[in-house]
Protein chains: 2
Amino acid sequence: MTNPVIAEITRGGIVESRHRGAFAVLDATGHVVSAEGAIAAAVYPRSAVKAFQCLPVVESGAADRFGFTDEEIALCCASHNGEPDHLRVARSMLAKAGNAESSYECGAHWPYHEASRVALIRAGGDPAQLHNNCSGKHAGMLALARQLGADPHGYVNPDHPVQRQIATTMGALCDVDLDAQPCGTDGCSVPTWAMPLRNLALGFARFANPDFAAARRIIAAVRAHPFMVAGSGDFDTLIMQAVPRVFVKTGAEGVYCACIPHAGLGIALKCDDGAARAAEVAIASVLAGLDVWTAEEKSTLDGFRHHPLLNWRRREVGEVRGWRL
Amino acid sequence: MTNPVIAEITRGGIVESRHRGAFAVLDATGHVVSAEGAIAAAVYPRSAVKAFQCLPVVESGAADRFGFTDEEIALCCASHNGEPDHLRVARSMLAKAGNAESSYECGAHWPYHEASRVALIRAGGDPAQLHNNCSGKHAGMLALARQLGADPHGYVNPDHPVQRQIATTMGALCDVDLDAQPCGTDGCSVPTWAMPLRNLALGFARFANPDFAAARRIIAAVRAHPFMVAGSGDFDTLIMQAVPRVFVKTGAEGVYCACIPHAGLGIALKCDDGAARAAEVAIASVLAGLDVWTAEEKSTLDGFRHHPLLNWRRREVGEVRGWRL
């Protein structure tokens, strides 16, 4: 089965490049509300499930014990830009749980945010683990290790109590035995378990259940602090600032997940070729196409389905546009 | 027609992402030696035809008049990294033809090469047009404007004498009336004319003709200075350093062109989704699959067909691999 085109890049009036992919929209009973492409195929969710990885941090009592604020819980779900406010909150999470930056096992990279990166370089700094876009998630995992009474060393390994707890929680939520699934290593060194796209969407539909207290707390934290989950100018932050009733999270290699609590829907999307530029406009297209919005929300979501392509002189030379535009 | 998979990304033992595309290998008579996918579909060649854009610089007499060295002709064909040696050669080209950096119309961006970018930032510098990966090509275009007696202002516009000369040269070489083709604006603001992939390959087969003096000079210049066309660690530079009998050039949005002068072959490849990571291993796969190499060259080319995927801690977590590996 060949997945359909979910996004296109135009230039000079024709399509220059095209991206294929699949998506599934499910409710919490497992009913497929809308779908295109091979939704039974397994995909690595990567960072799109950071909110699921955060669930044990809340459910274990770690978040309460260490007094994590909404900002901190939001950063725990983040692929952040490494801006000063992100670093401040990650440092606070480490300190509250008695962990050191040197306990991080996520690896170092320059901040994604250009102005923050340039400022760091000008100040003579180097890439650090704190700048890693996953440093909030890892601060949560280190706190979870404390709460579980486990040695934090090796907390990124699939057989560490932290990752076992996450696998159990996520597997139950998505109705998949993750131990029977392919397991890869993510960019930040934690395990990522492959699962069918439809199960990923099911997990997000269940996550959207208002009776699921830990999920409700996480969603509320992200809604209150959409800047924390990504950063200045980032798609996740912008779309949640503009339409607070949607929860979205990107993952590497073209994954997007979302849930719409007021409609009880979960969504998972994967761009076959792994392109973030395609996954962004495609998830906006999927969201805008659902009949669950006010006219204003629909119009706002439509605005995220396409954006101009600029050249080095900032002149518009084409467009990036999502599915069925 | 759906193009075949030309490259895959693996993680945890399964394929995580896949890239589709098409390629054509032609000889100078127009015979298709090897092909996959929709080779009659029009693609924008982007920077993959910088050697063609350099032809009028040589054929007009500009290269001789201004005393361009092989290094300078190689930089004229480059998508360079903005390393100090690239900047030195671009400055020299501007000076020799009496042009100023302020005449550039390519736009500014930070050097692609990380160490050079960091050094520039630490020194308090800003992105400049000289750092633009196309600054060698643009220095050539400015020299061509002088040679044609044309006002250099607006030399990037499709109706400027510089671009008219390039369109005529390239159209004849590829057997396409470019004025009848879609015309887009490239990242560096010059026109890019779409043409069928097979015509692009034909152009490169003709370019490989040893009786084509200007092309022979350009190929010799690039072979003598493969660092100039890309830079440290870059695929084009590495593959031409390792296998000097091949000429390759990348273009944005997943384009790769190549020619093999000793075999009289031209090659054009386009990854549907525009991914450079896929186009690189795929063009290596196409090259390695041709029966025109010594055993040593074949083995070296095979080495470019795949490379490990590393995470932030530099651990191998998967593989990027080309067609039929």
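A residue counts as buried when its relative accessible area is under 20%. In this predicted model, that cut-off applies to B:Phe66, which is buried because its relative accessible area is 11%. B:Phe68, at 5% relative accessibility, likewise counts as buried. The rings of B:Phe66 and B:Phe68 form a tilted aromatic pair, with 6.2 Å from centre to centre and 40° between the planes. Over all chains, the structure holds 20 aromatic pairs. In chain A, one aromatic cluster is formed by A:Phe52, A:Phe204, A:Phe207, A:Phe212 and A:Phe247.

**The contact between the chains**

Chain A and chain B each contribute 49 residues to their contact. Together they bury about 3800 Å², of which 50% is on carbon and sulfur atoms. Between chain A and chain B there are 34 residue pairs in polar contact, with both residues at pLDDT 80 or more. On the side of chain A that touches chain B, the elements giving two or more residues are β1 (5-11), β2 (14-27), α5 (114-122) and β5 (183-185). Of these, β2(A) gives the most, with 6 residues. The residues on this side of chain A divide into 16 nonpolar, 17 polar and 16 charged.

**Salt bridges**

Side chains of opposite charge can pair when their charged atoms come close. The count is 31 salt bridges over all chains, and 6 salt bridges are found between chain A and chain B.

| Residue | Partner | Closest N to O distance |
|---|---|---|
| A:Glu253 | B:Arg277 | 2.7 Å |
| B:Lys298 | B:Asp302 | 2.8 Å |

The salt bridge between B:Lys298 and B:Asp302 has both residues in helix α12 (residues 295-303) of chain B, 4 residues apart, or about one turn of the helix. B:Lys298 is partly exposed, with a relative accessible area of 33%, and B:Asp302 counts as partly exposed at 23% relative accessibility. Elsewhere, salt bridges that share partners join A:Arg11, A:Glu16, B:Arg46 and B:Asp186 into one network.

Note on methods. Residues are numbered from 1 along each chain as its sequence is written. Chains are lettered from A and ligands numbered from 1 in the order in which they are written. This is a predicted model: local features need pLDDT of at least 70, side-chain atom pairs count only at pLDDT 80 or more; totals for chains, interfaces and linings use all residues. Side-chain values use heavy atoms; hydrogens and water are left out. Contact means heavy atoms within 4.5 Å. Buried area is the accessible area (1.4 Å probe) that two parts lose on being put together, summed over both. A salt bridge is a side-chain nitrogen of Lys or Arg within 4 Å of a carboxyl oxygen of Asp or Glu. A polar contact is a pair of N or O atoms within 3.5 Å; within protein, one must be able to donate a hydrogen and the other to accept it, and residues adjacent in sequence count only if both atoms are side-chain atoms. Ala, Val, Leu, Ile, Met, Phe, Trp, Tyr, Cys and Pro count as nonpolar, Asp, Glu, Lys and Arg as charged, and the others, Gly among them, as polar. Rings of Phe, Tyr and Trp (its six-membered ring) pair if their centres lie within 6.5 Å; planes under 30 degrees apart count as stacked, over 60 as edge-to-face and the rest as tilted. Buried means under 20% relative accessible area, exposed over 50%, partly exposed in between (1.4 Å probe, protein chains only).
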